Amino acid sequence: MSGPGRFPEPPVVIVGGLHADARRAAVARLLADVPGSVVLHHDLATATAGTVVRTVRDATGLRSAGEAPLVNDCACCALREDLVPELVRLAEAGGTPLAVVELWDSVEPKAMAEVVTAGGFTVTGVITAVDPTLVLPYLGNGDDLAEGGLAEGGLAAAATDRRTVADTFARQLEYASVLALAESLPGSPEADEEDHELLAQLHPTARRVPIGHGNPAGASPTASELARAALAGFDVEAAAAAQHPACALLPAEADAHGVATLVWHRRRPFHPERLYAALEDLTCAAARSRGRFWLAGKGDTLLHWDAAGGALCVESAGPWLASLPDAAWELVPPVRRAAAALDWHPEHGDRCQHLVFTSPGLDRDGLERLLESCLLTDAEYAAGQAAWDRLPPAFDTLLEV
């Protein structure tokens, strides 16, 4: 579908997050602050019955409800198929100054922002609603979504969904341009400095907006800030680039209020066996770690490191630019070329280690020693590429080579 075209489409803001009470508080605040705004929500909890329940509501209550059938037994696929047609119907009806897409608990905003943009609508903001006191518990939760995690009932979007609570929450948090902080929610303790510092270090470029809870009767100065943030604009292409391992906008060094971020950058490849043996300790060393790394014996492949909840995902993220012929560079996005230029080395090109670890109580010295021990020694490094290629392929099983 190329877009609405014949009628003025409303701007779209996406509100998501596993913290359901915080998400509902953020949506209620937007409804109060932008008169006439409408919320579109697909409830994936009904997927076991073969359908997804769609609701459209405004500040006065429910406008309409309907069902969308599953697509290939996948609730998220049904959401993708149904979302843009529903936005078109809202646009055709007219009179909607803001369309709020409230995502179901485990739906990640990146895919939905791209669906909405491809459908011809403008995403003006992506908000992840957060209860600051739950950030560390969720980042530490390695349960599969199908097991429900800290929520009631399963949160998997399909039978094949193998995501965990921790990695899903991390991606929701790090993709959004705005974090709506719902503090003092009923039954939730007061957030402290460590809670706020952890959020600030995990996503330092996000705009953090405090909000209240419940269904506000009217706007307030704090609430108006969320509405302004929702309409400030959002670049879907730039947001995708900021998440890609080759050019990710990773956190910087920090140490405050008991929370620290270690940025580890080196120009020497890892020894595959020593790194493999250290994976469990490295994965558990921080609440969250991510980045890109260079493995001896796989000098053409940029490897992605993504860890949360005591679980690590390692996968190929394509080639290092240094391994490509010059003619192929024209096919690489400018942002990727710019990121490579910042890391460029006369001998190794953009190949490097760039890993970031964030956690309360981070043992920076111990972590650095462990990482350093996984690099090639001086003698191994001096032996050169031919010797590196003969090292045992310890990661082949992990990478499903």
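In the predicted model described here, Glu-253 forms a salt bridge with Arg-364, with the closest N and O atoms 2.4 Å apart; a salt bridge is defined as a side-chain nitrogen of Lys or Arg within 4 Å of a carboxyl oxygen of Asp or Glu. Glu-253 lies in the loop between helix H8 (236–243) and strand S9 (254–256), and Arg-364 in helix H11 (residues 364–373), so the pair ties together parts that are 111 residues apart in sequence. Helices (H or I, at least four residues) and strands (E, at least two) are DSSP runs, numbered from the N terminus. Glu-253 is partly exposed, with a relative accessible area of 43%, and Arg-364 is likewise partly exposed, at 21%. Here, buried denotes a relative accessible area under 20%, exposed one over 50%, and partly exposed a value in between (1.4 Å probe, protein chains only).

Residues are numbered from 1 along each chain as its sequence is written, and side-chain values use heavy atoms, with hydrogens and water left out. As the model is predicted, local features need pLDDT of at least 70 and side-chain atom pairs count only at pLDDT 80 or more, whereas totals for chains, interfaces and linings use all residues.

Glu-368 forms a salt bridge with Arg-266, the closest N and O atoms lying 3.8 Å apart. This pair links distant parts of the chain, with Glu-368 in helix H11 and Arg-266 in strand S10 (residues 259–266), 102 residues apart. The relative accessible area of Glu-368 is 27%, which places this residue in the partly exposed class; Arg-266, at 25%, also counts as partly exposed.

A further salt bridge joins Lys-298 to Asp-396, and the closest N and O atoms of this pair are 3.1 Å apart. Distant parts of the chain are again linked: Lys-298 is in the loop between strand S11 (288–293) and strand S12 (301–308), while Asp-396 is in the segment after helix H13 (385–388), 98 residues apart. Asp-396 is partly exposed, with a relative accessibility of 22%. In general, side chains of opposite charge can pair when their charged atoms come close.

The charged side chains were also considered as two sets. The protein has 30 positive and 55 negative side chains, and the centres of the two sets lie 4 Å apart. In this count, Lys and Arg are positive and Asp and Glu negative, with His and the chain ends not counted; the place of a charge is taken as NZ of Lys, CZ of Arg, CG of Asp or CD of Glu.

The overall fold was then described. The protein contains 13 helices and 14 strands. For 401 residues, a compact globule would have a radius of gyration near 21 Å, and the value of 22 Å for the protein agrees with this. This radius is taken over C-alpha atoms, and the globule rule is 2.2 Å times the number of residues to the power 0.38. Along the principal axes, the C-alpha atoms fill a box of roughly 70 × 50 × 40 Å. Of the 401 residues, 52% count as buried. The protein exposes about 17000 Å², of which carbon and sulfur atoms supply 52%; accessible areas come from the Shrake-Rupley method with a 1.4 Å probe, and for residues only the protein chains shown count as cover. Among contacts (heavy atoms within 4.5 Å) between residues at least 6 apart in sequence, 73% join residues at least 24 apart.

Individual residues illustrate these features. Thr-124, in strand S6 (residues 123–130), is buried, at 9% relative accessibility. Beyond its neighbours within four places in sequence, Thr-124 is in contact with residues including Pro-11, Val-13, Ala-229 and Phe-234. Ser-64 is found in strand S4 (residues 61–69) and is partly exposed, at 35%. With neighbours within four places in sequence left aside, the contacts of Ser-64 are Arg-54, Thr-55 and Val-56.

Ala-252 lies in the loop between H8 and S9 and touches Thr-261 and Val-263, not counting residues up to four places away in sequence. Ala-252 and Leu-202 are 50 residues apart in sequence, with a C-alpha to C-alpha distance of 9.3 Å. In the loop between S9 and S10 is His-257, a residue other than glycine whose phi is positive, near 55°. His-257 is partly exposed, with a relative accessible area of 43%.
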